[in-house]
Amino acid sequence: MQLDRYLSKYAGLSRQSILKLLTLGQIIVDGQIAVSRNQEVNDFSEILIENQPLSRHKPARYFMMNKPAGILSASTDPKHKTVIELLKPEEANDLHIAGRLDRATTGLLILTNDGKWSRHITEPEQKIPKCYLVETVYAISPETEPLFAKGIYFAYENITTSPAKLEQLSLTLCRLTIYEGRYHQVKRMFAAAGNRVQSLHRESMGKITLDKDLKPGQYRALTESEINSVLQN
């Protein structure tokens, strides 16, 4: 939202008052003196008006969770338990999921209240790598790796996936790195290769790797370096 609209909405200032404060250098956004009423701000911008913080500001929060199988990646559901219910009530408020996992899929799940940040880590255009441990029903054929490296055509979206990296660990186990995260992407890729996914576990997103010490259902706050790593891609 533009700065003048934001201040009008949340600080009750008139346009004339905002222009006067800008002229006097009395509006500071994220540590810098604001010079334009058209400057873009959001709920996570730190805004000072005459050295007083705007009370509308709320801190951004970021968590990683080791998602258990059988838990739904959703805020609420009438039938199934959701990942939000695994959080402490005081921490769950306003959080959303950055990169959902299927109900049966386990591993790294990221929750935040920062919409801009979560869009950056999930939008296919950003090409942020997502690494999965994949167990298949049938032996992984020799043709699978070059097929994934070339890209799989999805007729429904009329797109071809970005080249994916497959590291085979056993006859039916591999580590797969993809760069989009489209709907059921891993399962659809293996289906195109004539195989089926038996189990799926997400290990990492970008430079954020699931802690091995986190048991299923446990979570922790992301570190500052983990948070910043997303915007460095």
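Q: Where is Ser 73 found?
A: This is a predicted model, and in it Ser 73 is in the loop between β5 and α3.

Q: Is Ser 73 buried or exposed?
A: Buried, with a relative accessibility of 8%.

Q: Which backbone oxygen lies 2.9 Å from a polar atom of the Ser 73 side chain?
A: That's the backbone oxygen of Leu 101.

Q: And what does Ser 73 touch, leaving out residues up to four places away in sequence?
A: Lys 67, Val 83, Ile 97, Arg 100, Leu 101 and Leu 109.

Q: Val 83 then. Where is its place?
A: Val 83 is also placed in the loop between β5 and α3. Its relative accessible area is 0%, so Val 83 is buried.

Q: Which residues is Val 83 in contact with, leaving aside neighbours within four places in sequence?
A: Met 65, Lys 67, Ile 71, Leu 72, Ser 73, Ala 74, Ile 97, Leu 109 and Leu 111.

Q: What separates the C-alpha atoms of Val 83 and Ser 17?
A: 45 Å, with the two residues 66 apart along the chain.

Q: What about Thr 82: buried or exposed?
A: Thr 82 counts as buried, at 0% relative accessibility. The loop between β5 and α3 (89–92) is where Thr 82 is found.

Q: Which backbone oxygens are close to the side chain of Thr 82?
A: The side chain reaches the backbone oxygen of Ser 75 at 3.3 Å. A polar atom of that side chain also lies 3.5 Å from the backbone oxygen of Ala 74.

Q: And which residues does Thr 82 touch, not counting those up to four places away?
A: Ile 71, Leu 72, Ala 74, Ser 75, Thr 76 and Asp 77.

Q: β5 has come up a few times. How many of its residues are buried?
A: 6 of the 6, so β5 is largely enclosed by the rest of the structure.

Q: Which way do the residues of β5 point?
A: Tyr 62, Met 64 and Asn 66 point one way, while Phe 63, Met 65 and Lys 67 point the other way. All of them are buried.

Q: How many bridges join β5 to β7?
A: 6, and β5 runs antiparallel to β7 (residues 106–112). Met 65, for instance, has Leu 109 as its bridge partner in β7.

Q: And how does β5 pair with β15?
A: In the antiparallel sense, over 3 bridges, with β15 covering residues 219–221. Phe 63 has its bridge partner in β15 at Ala 221.

Q: Switching to rings. How many aromatic pairs are there?
A: The count comes to 3 aromatic pairs. One of them is Tyr 62 with Trp 117, an edge-to-face pair at 4.9 Å centre to centre, with 65° between the planes.

Q: Why does that pair tie together parts that are 55 residues apart in sequence?
A: Because Tyr 62 lies in β5 (residues 62–67), whereas Trp 117 is in helix α4 (residues 115–122). Tyr 62 and Trp 117 are both buried.

Q: And why is the Phe 148 and Phe 190 pair edge-to-face?
A: Their planes are at 85°, with ring centres 5.0 Å apart, and planes over 60 degrees apart count as edge-to-face.

Q: Which helices does that pair link?
A: Phe 148 is in α5 (residues 144–150) and Phe 190 in α6 (residues 185–192), so to speak distant parts of the chain, 42 residues apart.

Q: Are those two buried or exposed?
A: Phe 148 is buried at 0% relative accessible area, and Phe 190 is buried at 1%.

Q: Which ring does the charged end of Arg 188 sit over?
A: The ring of Phe 154, 3.9 Å from its centre.

Q: Last topic, the 4-stranded open sheet. What's its strand order?
A: β2-β1-β3-β4, with antiparallel pairing. At the edges are β2 (32–33) and β4 (52–53), each with a single partner strand, so one side of each has no neighbour in the sheet.

Q: How many bridges join β1 to β3?
A: 3, between β1 (residues 27–29) and β3 (residues 47–49). In β3, Leu 48 is the bridge partner of Ile 28.

Q: Which helix packs on that sheet?
A: Helix α1 (residues 3–10), which touches β1 and β3. The direction of α1 makes about 70° with that of β3.

Definitions and conventions:
Residues numbered from 1 in each chain as written. Predicted model: local features only at pLDDT ≥ 70, side-chain atom pairs only at ≥ 80, totals over all residues. Heavy atoms only, no water. Phe/Tyr/Trp six-rings, centres within 6.5 Å; stacked < 30°, edge-to-face > 60°. Helix = DSSP H or I, 4+ residues; strand = E, 2+ residues; numbered from the N terminus. Buried < 20%, exposed > 50% of the residue type's maximum accessible area, 1.4 Å probe, protein only. Lys NZ or Arg CZ within 6 Å of the ring centre and 35° of its normal. Pairing = 2+ DSSP bridges. Contact = heavy atoms within 4.5 Å. Axes fitted to C-alpha atoms, helices over the stretch in contact; angles between N-to-C directions. Polar contact = N/O pair within 3.5 Å; in protein donor to acceptor, adjacent residues only side chain to side chain.
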